[in-house]
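Hi everyone, thanks for coming.

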Amino acid sequence: MSLRAALVGCGRGGTTLLGALHRNDGFEVICVADPDESARARAAQVVPKAATVASVDAALDEGPDVVLLATPSPLHAEHAHRVLEASID
């Protein structure tokens with residue numbers, strides 16, 4: 001059984017992480033969140049079945065089992081709190 005994963009942040013590091021998640025049978029990427037429309041478009045090319053959304057809150061609405069944060073460091077605490085408040089790993 002694979003974990004339903006949401007990736008938040010699809011810049012340079014997030015794109016690398018997205019590729020690794022996509023190739024790993026332990027994860028099903030169900031959502032990629034990034035405020036940048038072009039980043040979401042790039043993600044959709046890698047995981048066309050995944051939802052692409054603009055915010056961490058919208059990613060949480062997709063019901064992931066796990067959220068991976070690949071956002072800029074100054075945003076980590078804020079995003080991690082939102083994920084933890086939603087009781088998601």
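Let's start in helix H4, where you'll find both Glu78 and Arg82, four residues apart, or about one turn of the helix. Please keep in mind that this is a predicted model. The side chains of these two residues, Glu78 and Arg82, meet in a salt bridge, with an N to O distance of 3.0 Å.

Now, how many salt bridges does a search of the whole structure find? The answer is two. The other pair is Asp57 with Arg82, and there the closest N and O atoms are 3.8 Å apart. That still qualifies, because the cut-off is within 4 Å.

Where do the partners in that pair lie? Asp57 is in helix H3, which covers residues 56-61, while Arg82 is in helix H4, residues 76-85.

Salt bridges that share partners join Asp57, Glu78 and Arg82 into one network.

And how accessible are these residues? Glu78 has a relative accessibility of 40%, so it counts as partly exposed. Asp57 is partly exposed too, with a relative accessible area of 36%. Arg82, at 28% relative accessibility, also counts as partly exposed.

Note on methods
Residues numbered from 1 in each chain as written. Predicted model: local features only at pLDDT ≥ 70, side-chain atom pairs only at ≥ 80, totals over all residues. Heavy atoms only, no water. Helix = DSSP H or I, 4+ residues; strand = E, 2+ residues; numbered from the N terminus. Buried < 20%, exposed > 50% of the residue type's maximum accessible area, 1.4 Å probe, protein only.
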